[in-house]
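Please load the coordinates in a viewer and keep the sequence panel open. The stops below each begin with a selection.

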Amino acid sequence: RELVPIGAMADFICPGHSRPVVGLQYAEVPEDGTFLISACHDKTAMLRDGETGDWIGTFEGHNGAVWWAALNEGATMAATVSGDFTAKVWDATTGKEWHTFKHRHIVRTVDWSPDSGRIATGGKENMVRIFDLAKPEAEPDLLTGHDKMIKVLLFTQEPTGEQVMTGSEDRTLRTWDPRMLGETRRLELGGPVTSIEISADGRTLTVAAGDDVVFLDRATLKEMRRVALPVVGGVNSAALHPDGTKFVAGGGNFWVYLHDFATGAVRRPVALNSLQSTAPHPSASPPVSSCRNRCRSSNAARATTDLCTACASPQVGPTTRPVAMMVPFALGVCPCEACWPWVNTAPALCAATTARPGLPRVIPAHGACTIAYFRRAR
């Protein structure tokens, strides 16, 4: 497919979930188009048209938060995992539950084998379970070795055969042979591993680990580059654009960052509520918008935008951090860079607070100041 430049694709919002969406995955089926599946803490997963965002169906049946959802090759089956200690397999064409696989603790991640005959799961049991769908009542194969929770896994076909790759809170990325049920490689990454993504050309792994986004050669696991992000609570998710020139990442500080791959420089930050997951579109990453000298409310119902004095002078001194820290953006907070002195020993108000006299002033615990626009949709 021809790559579509960022900004050339139309943004769309997919309403329907009622709690945090923590997992996203695209699946491209040549004869049927592109599908998008989402996992949510409202105990459901949803299937959508990946090009338009239109709702197709909802997978209902879990009794706890759904932490991840994955479509098989061909998007005919779906797998979900949950805080209710189960993994479920669904018929993605009808929405009917096919089987429930019980676990002994919270299940955080799942993926399909390349032949769609098995699923691999991981979570707070610190082990991988591999279930054979041809024998759903049989005991699963186990991959053990992690010391802490497994937060992400991939079940892939490599030149040497099938492989399971896992990322854990024990700060390691590991590969496993699902036939021999043994660990084959281990890489210490310096922070909890929260996401692993394979690039469009199949050569690069994009890994979120602690405060860093790490790019690895898929074949050798050799580190190609590492970019540190100023994200409170660490990076939750990262994805490389199919053309390899930029990547998107974000975490718990209400911002998504669009970076230049070659330099690591921030191209655009865009404010959101805490980012939990990203998914690269099969043809091009979804577009990322930014403030661009206009302070924009994140609430789609608010049609107003306000020009803040901070926008006119985004660098106010050597202590200015180029991106915001903890912005309560659901309240409509101005996210301009100048509002965020990086080092403040005591609460202080920056010049931006004079932009709209009489507005509420919010002083977070770390001392940086913000302007809160408590506007209602008219």
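Select strand β23 (residues 255-260) and show its side chains: both faces are covered, with W255, Y257 and H259 buried on one side and V256, L258 and D260 buried on the other. Here buried means under 20% relative accessible area, exposed means over 50%, and partly exposed lies in between, computed with a 1.4 Å probe on protein chains only. Six of the six residues of β23 are buried, so the strand is largely enclosed by the rest of the structure. Strands (E, at least two residues) are DSSP runs, numbered from the N terminus. This is a predicted model, in which local features need pLDDT of at least 70 and side-chain atom pairs count only at pLDDT 80 or more, while totals for chains, interfaces and linings use all residues. Residues are numbered from 1 along each chain as its sequence is written, and side-chain values use heavy atoms, with hydrogens and water left out.

β22 pairs with β23 in the antiparallel sense over five bridges; two strands pair if DSSP finds at least two bridges between them. Within this pairing, D260 in β23 is the residue opposite K246. The two strands form a hairpin with three residues between them, and F254 takes a positive phi near 75° there.

Is T245 buried or partly exposed? Its relative accessibility is 33%, so T245 counts as partly exposed. Leaving aside neighbours within four places in sequence, T245 is in contact (heavy atoms within 4.5 Å) with H259, D260, F261 and R267. The C-alpha atoms of T245 and F261 are separated by 5.2 Å, although these residues are 16 apart along the chain. The side chains of T245 and K246 are joined by a polar contact of 3.1 Å. A polar contact is a pair of N or O atoms within 3.5 Å; within protein, one must be able to donate a hydrogen and the other to accept it, and residues adjacent in sequence count only if both atoms are side-chain atoms.

Now turn to the aromatic rings. The structure holds four aromatic pairs. Rings of Phe, Tyr and Trp (its six-membered ring) pair if their centres lie within 6.5 Å; planes under 30 degrees apart count as stacked, over 60 as edge-to-face and the rest as tilted. Select F101 and F131, a tilted pair with 4.5 Å centre to centre and 40° between the planes. This pair links distant parts of the chain, with F101 in strand β8 (residues 97-102) and F131 in strand β11 (residues 127-132), 30 residues apart. F101 is buried, with a relative accessible area of 2%, and F131 counts as buried at 5%. Then select F215 and F247, an edge-to-face pair with 5.0 Å centre to centre and 70° between the planes. F215 belongs to strand β19 and F247 to strand β22, 32 residues apart, and the pair links distant parts of the chain. Both F215 and F247 are buried.

Four strands form an open sheet in the order β17-β18-β19-β20, with antiparallel pairing. At its edges stand β17 (193-198) and β20 (223-228), each with a single partner strand, so one side of each is left without a neighbour in the sheet. Strand β19 (residues 212-217) is joined to β20 by five bridges, and V213 stands opposite V227 in β20.

Eight of its eight residues are buried, so β14 is largely enclosed by the rest of the structure. On one side, β14 pairs with strand β13 (residues 150-158) in the antiparallel sense over eight bridges, with T156 opposite Q163. Two residues lie between β13 and β14 in their hairpin. β14 also pairs with strand β15 (residues 172-177), antiparallel over four bridges, where W176 is the bridge partner of V164. The hairpin of β14 and β15 has three residues between the strands, and R171 in the turn has a positive phi of about 75°.
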